[in-house]
Amino acid sequence: MQTLNLGIDDAGRGPVIGPMVLAGVLVNSDVEKEFKKIGVKDSKQLTPKRREHLANIIKEKAETFEIVLVYPNEIDENLSDPSKPNLNTLEAIKMAEVINKINKGFGKIKVLVDCPSTNITKWTDLLKTKINNLSNLEVSCEHKADQNHVSVSAASIIAKHIREKEMDKLREKYGREIGSGYSSDPATCKFLEKHWQKHDGDGIFRKTWATWKKLCSKKEQKTFNF
């Protein structure tokens, strides 16, 4: 029986607004070759329109795929409580969730993960403890896997595409001035400065992020500066 490749990647790990998205794409070697021919590569090297086009093909051609969304409230809940997982651990839990959903009824699978941690060995061992069934899996984690493996590139495209769709929903509700959601985006920073109090309880902000904390700190200083 042919070994299948399961590529896993995330999008939106760092933004101050919106969810983190994790995706897994299971493919055989023939489909991987087809993906490579049509230009499936690291999602950051593609335009949003091209990502959308390729995402539709990937969903159609893959053996299967899974998506897990982690919203700001869940991220904050974990990062603000020392007894709960940090972001690397939370991501290991969520990536294992993707693997567990996919690993049903297939034979041997090679799992390729774009590692979010600087310590690949330690994080790989952590990930394995969260996987329900390792008997048919070969798990490999590495940096820049989205550039080096087509299955991971496919996962990065799906994750990025879904993240963009989630941001589109927020733009429809809050206006385009919300920007990309990244703190490096001037539009997003301006939106935060203008509207952070108004939308404080909407669950769209990651309040454990330094960007949010600095903003609130500045606001408090202004409020109490008599």
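In which sense, left-handed or right-handed, does helix α3 pass helix α4? In this predicted model, the crossing of α3 past α4 is right-handed. The contact is formed on one side by Glu74, Ile75, Asn78 and Leu79 of α3, and on the other by Leu87, Leu90 and Lys94 of α4. Two packed helices are described by the angle between their axes together with the distance between those axes. For α3, which comprises residues 72-79, and α4, which comprises residues 87-102, the axes come within 9 Å and cross at roughly 130 degrees. The two helices are therefore oblique to each other.

A further helix pair involves α1 and α7. Helix α1 spans residues 29-37, and its axis comes within 9 Å of that of α7, with a crossing angle of roughly 65 degrees. Here α1 passes α7 in a left-handed crossing. Glu32, Phe35 and Lys36 are the residues of α1 that meet α7, where their partners are Val150, Ser151 and Ala154.

Helix α7, covering residues 150-174, also contains arginine 163. This arginine is buried and yet has no salt bridge. Its nearest side chain of opposite charge belongs to glutamate 166, at 8.1 Å, whereas a salt bridge requires a side-chain nitrogen within 4 Å of a carboxyl oxygen.

Note on methods. Residues are numbered from 1 along each chain as its sequence is written. This is a predicted model: local features need pLDDT of at least 70, side-chain atom pairs count only at pLDDT 80 or more; totals for chains, interfaces and linings use all residues. Side-chain values use heavy atoms; hydrogens and water are left out. Helices (H or I, at least four residues) and strands (E, at least two) are DSSP runs, numbered from the N terminus. Buried means under 20% relative accessible area, exposed over 50%, partly exposed in between (1.4 Å probe, protein chains only). Lys and Arg count as positive and Asp and Glu as negative; His and the chain ends are not counted. Axes are lines fitted to C-alpha atoms, for helices over the stretch in contact, and angles run from 0 to 180 degrees between N-to-C directions. Angles under 35 degrees count as roughly parallel, over 145 as roughly antiparallel, 65 to 115 as roughly perpendicular and the rest as oblique. A crossing is left-handed if the near helix is turned anticlockwise from the far one by less than a right angle, and right-handed if clockwise. Contact means heavy atoms within 4.5 Å.
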